[in-house]
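Thanks for coming. I will show one structure and then walk through its parts in order.

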Amino acid sequence: MNSILEIKNATKKFGGLIANDNITFSVQEGEIVGLVGPNGAGKTTLFNSVSGAHSLTSGQVVFNGEDITKKKPYEICKLGVGRTFQIPQSLNEMSVFENVLVAALNRHGSISVAKEHTQKVIAMCGLASFIYMHAGNLNVMQKKRLEIARALATEPKLLLLDETMAGLSGVERKEAINLIQRIKISGITILMIEHVMEVVMNVSDRVVVLTSGRLLAEGTPEEVTQNQQVINAYLGGMTN
Ligand SMILES: Nc1ncnc2c1ncn2[C@@H]1O[C@H](COP(=O)(O)OP(=O)(O)OP(=O)(O)O)[C@@H](O)[C@H]1O
Ligand SMILES: [Mg+2]
């Protein structure tokens with residue numbers, strides 16, 4: 001398998017705070033990798049570095065063999081990295097259709113092709129019944145799905161999901177897991193930040209654990225759940 005994403009010695013400082021401290025790991029094409037760790041571990045910071053929302057203090061991000069460390073978010077998106085936001089960033093005064101269309105237009109110059117693609121993505125994400133609703137009127141689950149739909153509409157090769165299961169009920173989680181598995185089957189590689197361990201353990205091929213900005217462990221779900229350091233630093237305090 002080829003590495004689609006290589007994070008090499010990634011360090012991000014905010015003033016005196018080291019949010020990411022010399023993190024190195026890679027994601028292979030076709031995998032689902034879970035990125036876990038306590039609140040403030042530096043997970044979202046790492047997504048921001050990969051997607052170009054901010055630049056690393058030091059280190060390197062390589063996507064599909066290309067150094068993207070210093071690239072802008074729109075360039076990284078064009079190369080094939082899609083992301084969702086932990087706090088949904090939907091355009092609330094616009095409809096679900098328009099929200100996804102804006103993302104699709106990033107990939108397709110033709111409006112008719114972009115519209116067709118938008119319809120497909122909305123259906124795949126289970127949002128067809130809400131297509132003309134203002135995004136601001138969606139509930140939490142629907143907003144999370146819209147985040148995924150907007151990212152998918154850019155036709156990523158690698159999708160970064162930031163806590164898309166938070167706040168969902170049991171049934172909603174099952175539907176969301178189903179969606180993630182369908183995304184994988186469609187050929188998209190996934191790096192997924194998630195606190196819901198039931199989800200991480202069921203869908204991840206591998207899991208990477210961060211604590212206090214550092215990489216604590218990586219391995220199969222079984223390996224990391226049995227790792228005593230991971231239990232002490234993270235899993236011991238989990239309620240689910
Ligand atoms: N733009 C910023 N400026 C200053 N500090 C920041 C900034 N972004 C994140 N931090 C800090 O960096 C650390 C890591 O934050 P981050 O959001 O990456 O954690 P996280 O692992 O995603 O946590 P959570 O599970 O709560 O979402 C925290 O101490 C946070 O306060
Ligand atoms: Mg976060």
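Predicted model: local features only at pLDDT ≥ 70, side-chain atom pairs only at ≥ 80, totals over all residues.

Residues are numbered from 1 along each chain as its sequence is written, while chains are lettered from A and ligands numbered from 1 in the order in which they are written.

First, the sheet. Helices (H or I, at least four residues) and strands (E, at least two) are DSSP runs, numbered from the N terminus. Two strands pair if DSSP finds at least two bridges between them. Six strands form an open sheet with mixed pairing, in the order β6-β7-β8-β3-β9-β10. At the edges stand β6 (81–83) and β10 (214–219), and each has a single partner strand, so one side of each is left without a neighbour in the sheet. On average, neighbouring strands of this sheet are turned by 20° against each other, direction ignored. For angles, axes are lines fitted to C-alpha atoms, for helices over the stretch in contact, and the values run from 0 to 180 degrees between N-to-C directions.

Strand β3 (residues 32–36) runs parallel to strand β8 (residues 189–193), and four bridges join them. Ile-32 has Ile-190 as its bridge partner in β8.

Now the helix. Helix α1 (residues 43–51) packs on this sheet and touches β3, β6, β7 (158–162), β8 and β9 (206–211). Contact here means that the C-beta atoms of two residues, placed from the backbone, lie within 7 Å. The direction of α1 makes about 150° with that of β7.

Is α1 mostly buried or exposed? A residue is buried if 20 or more other C-beta atoms lie within 10 Å of its own, exposed if 12 or fewer, and partly exposed in between, with C-beta atoms placed from the backbone. Eight of the nine residues of α1 are buried, so the helix is largely enclosed by the rest of the structure. Among them are Lys-43, Leu-46 and Phe-47. Just after α1 comes Gly-52, with a positive phi of about 85°.

Next, ligand 1. The residues around it include Phe-14, Asn-39, Lys-43, Thr-44 and Gln-86; a residue is near a molecule if its C-beta atom, placed from the backbone, lies within 6 Å of it. Which element gives the most to this shell? That is α1, with three residues. The shell has four nonpolar, seven polar and one charged residue. Ala, Val, Leu, Ile, Met, Phe, Trp, Tyr, Cys and Pro count as nonpolar, Asp, Glu, Lys and Arg as charged, and the others, Gly among them, as polar.

On to the domains, whose bounds come from an automatic or database domain assignment. The protein chain is divided into domain 1 (1–75) and domain 2 (80–171 + 179–188). Their centres, taken over C-alpha atoms, are separated by 23 Å. Nine residues of domain 1 are in contact with nine of domain 2. On the domain 1 side, the largest share, four residues, comes from α1.

Last, two glycines. Gly-126 is in the loop between α4 (111–124) and α5 (140–153) and counts as partly exposed, with 17 C-beta neighbours inside 10 Å. Gly-65 is in the loop between β4 (58–63) and β5 (66–67) and is exposed, with 9 other C-beta atoms within 10 Å.
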